[in-house]
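Please examine the model shown below together with its sequence.

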Amino acid sequence: MEKTKQKVSQEGWRTTKKERRNYIVGDLGRTLEGYIVTAMMSTFMIFQGIDMTAIAGAMLVVKIIDAFDDVIFGYLVDRIHITEWKAFQKVSGEGKYLPWYRLTFFFFPIFTALFFCMPRGWGAGGKLVWFFVFYLLYDLSYTLVEVPMQSMIVTLTDNTDERNSILQTKTILNSLATIVAGMIWTVAISEHVGIGIREVALVSSVAFFFMMLPLGRGVKEHNTTLANVDSTETEKYSLKDMWNCIKTNKYLMILLLSTVITSCLQTGGAVGLLVSYYHFGNSLIMAIPILISLPPVLLAQIQTRKLVNRFGKLKVFMICGVIGALIQMSIYFVGPIFAICCTLLVLQAPFGNVSNVAKSFFLPDTIEYTRYKTGKDCSGICNALSSFVTKLTTSVSSSLGLFILGLSNYIPVAAESFEDLEKAGVTQPKEAMDVMWLIYALIPLIGTLLGVLVMGLYKLRDQDVALMAKCNAGEITREECEVHLSKKY
C-alpha cells in the first residue's frame with residue numbers, strides 16, 4: 001500500500017505515474033495511427049490518379065454509414081458490461097471501458113495498414129472500391145478503439161485537476177508527436193528520398209500497435225461507480241435513456257457544433273504538401289516554420305493548465321483562437337511569400353496550440369454534467385458522438401479541399417511519391433495555384449472564427465463541474481452540491 005501511495009504524485013489524485021504514462025502513450029499510439037490517414041490520405045489518393053470529385057463523394061458516403069456505427073457502438077459500450085460475458089472474461093479483464101479497449105484495439109493498425117495497400121495495377125474504379133471498403137473498416141476500427149479510450153478519462157479519476165493534467169499532457173505530446181511524425185513522413189515521401197506512402201504507413205502502423213499495447217494491462221479504472229443515484233436505475237440503460245442523455249447535454253451539443261464548423265473548414269491539410277511543392281518549389285520547405293515554432297509551442301502548451309486555472313478554459317480557448325485566426329488572415333492576404341508566411345506561421349502556432357489544449361478539457365466536463373443531471377453513465381455515447389464528429393470533420397475537410405481543387409483545372413498526376421511527381425514535370429495552371437492558396441489559407445480562417453463564435457454560447461462553469469464530479473463520485477451529497485453550485489442547472 002505504501003508503494004502505491006508514493007507513486008500517486010499529487011494529493012487527492014487516484015492514478016499512479018505508471019498508469020498515467022501507459023494511458024498517455026497508448027493514446028499517443030492511437031492518435032498517430034489515425035493521423036497517418038489524416039496526413040497522408042489526400043496525397044495518397046491524389047497520387048493514384050483518380051478524379052478528386054469522385055474521391056470526395058466516396059468519403060462522404062462512408063461518413064454517412066459511419067454515423068450509424070458510432071452511435072450503435074457508443075450505446076453498446078454504455079449498455080453492455082463486457083466483463084459479465086464468460087467467453088471474454090479472461091481476455092477483457094476488469095473495468096468499465098478498458099475491457100472494450102483490450103478486445104478491439106488491434107483492429108485499428110490492421111485496417112489502417114490495409115487501407116494503404118491499394119493494388120497499384122488496378123484501374124480507377126477498382127481503386128475507388130478498395131478505398132470505400134477499407135476506409136469504412138478503418139473508420140469502424142477507429143471508433144472501436146477511440147470510444148473506450150476517451151471514455152475512460154472519466155473513470156480513471158474523479159479529480160478534475162488530475163483529469164486536466166492528463167488531458168494537457170496527452171494533448172501536448174500528441175501535438176508534438178504529430179508534428180514530428182508528419183515531418184518524418186513528409187521527408188520519407190519527398191522528392192529527396194522517394195519512399196512510397198504505403199511503405200511508410202505499414203512500418204508506422206506496426207510501431208503504433210506496440211505503443212497501444214501496454215494500456216491494456218498497465219492501467220486501472222478508479223472511478224467506475226456512479227454515486228448518489230438509485231443503484232437499480234443505473235443498471236438500466238435503454239435507447240430512450242441514451243436519447244435523454246444526448247438531449248440533456250446541451251453543452252456537448254455546443255462543443256460539437258463548434259468543432260463541426262471549425263474542423264470541416266480546416267481544408268489546409270488536404271493541400272498542404274501540394275502548396276509546399278508547387279508554390280514554394282520544395283515539398284519539405286514548410287517544415288521550416290514548424291521546426292522554428294516547436295520551442296515556443298511547447299512552452300505555451302505547458303502553461304495551458306495554469307492559464308485555465310486562472311482565467312477559465314473558455315476565455316483561454318476563445319482569446320487564443322481569435323488571435324490565431326487574425327494571424328491566419330494575414331497569411332492569406334500576404335500571399336505565398338515564404339519569408340513572411342514563415343514568420344506569421346511561427347507567431348500563430350503558440351496561440352493555436354494553446355486553444356486546442358484548452359478545448360480538450362471541455363468534453364469530460366460535459367459528461368460529468370450529464371451524469372449529474374440524468375444519473376446515467378453516458379460516457380460511451382458522448383465519446384462516440386465526439387469520435388464521429390472528429391472523423392466526419394476530418395473527412396469533410398479533406399473531401400471539401402479536394403472537391404474545390406477538383407473544380408479548378410488542376411492536372412492529376414499518377415505517382416507514389418514526390419520524387420515521381422518531380423520526374424513527371426507537370427506544371428499546374430495559375431487558376432489551380434490560386435485555388436490551392438484559398439483552400440490552404442482562407443477557408444480555415446473562416447472556420448476558426450465561426451467555431452469560436454459558437455463557443456460563446458457555452459455557459460458551464462469550471463467550479464460547478466468540479467462539484468458535480470465530487471457528487472458523482474460520492475465525495476459529497478447532491479444536497480451539498482446544490483447548495484454550492486453558482487446557479488441552477
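This is a predicted model: local features need pLDDT of at least 70, side-chain atom pairs count only at pLDDT 80 or more; totals for chains, interfaces and linings use all residues.

Residues are numbered from 1 along each chain as its sequence is written, and side-chain values use heavy atoms, without hydrogens and water.

Q: At what angle do helix 7 and helix 8 pack?
A: Helices are DSSP runs (H or I, at least four residues) numbered from the N terminus. Axes are lines fitted to C-alpha atoms over the stretch in contact, with angles from 0 to 180 degrees between N-to-C directions. For helix 7 (residues 124–156) and helix 8 (residues 160–189), the axes are 9 Å apart and the angle is about 150°.

Q: Which residues of helix 8 meet helix 7?
A: Contact means heavy atoms within 4.5 Å. From helix 7, the partners are Gln-150, Ile-153 and Val-154. On the side of helix 8 they are Arg-163, Ile-166, Leu-167 and Lys-170.

Q: How is helix 8 oriented to helix 17, and why?
A: The axes of helix 8 and helix 17 (residues 338–359) come within 9 Å and cross at roughly 140°. Angles under 35 degrees count as roughly parallel, over 145 as roughly antiparallel, 65 to 115 as roughly perpendicular and the rest as oblique. Helix 8 is therefore, relative to helix 17, oblique.

Q: How many charged residues are in the contact of helix 8 with helix 17?
A: Gln-168, Thr-171, Ile-172 and Ser-175 of helix 8 touch Asn-353, Asn-356 and Val-357 of helix 17. Ala, Val, Leu, Ile, Met, Phe, Trp, Tyr, Cys and Pro count as nonpolar, Asp, Glu, Lys and Arg as charged, and the others, Gly among them, as polar. By these classes the contact has two nonpolar residues, five polar and, as to charged residues, none.

Q: How many nonpolar residues are in the contact of helix 8 with helix 14?
A: Helix 8 and helix 14 (residues 287–302) pack at about 170° with axes 11 Å apart, and are therefore roughly antiparallel. Helix 8 contributes residues including Leu-176, Ile-179 and Met-183, which meet residues of helix 14 including Leu-291 and Leu-294. Three residues of this contact are polar, none is charged, and the nonpolar ones number 10.

Q: How much space lies in the second largest cavity?
A: On a 1 Å grid over the protein atoms alone, a cavity is a set of points where a 1.4 Å probe fits but cannot get out, and lining residues have an atom within 4 Å of a point. The lining here includes Val-77, His-81, Lys-96 and Pro-99, and divides into four nonpolar, three polar and one charged residues. The volume is about 40 Å³.

Q: Which helix gives the most to the lining of the second largest pocket?
A: A pocket is an open set with protein on both sides within 12 Å along at least five of seven lines. This one holds about 210 Å³, and Leu-314, Tyr-458, Leu-460, Arg-461 and Asp-462 lie nearest its centre among 13 lining residues. Helix 16 (313–334) and helix 22 (462–473) each supply at least two lining residues. The most, three residues, come from helix 16.

Key
Grid points are joined across faces, edges and corners, and a volume is the space filled by probe spheres set on the points.
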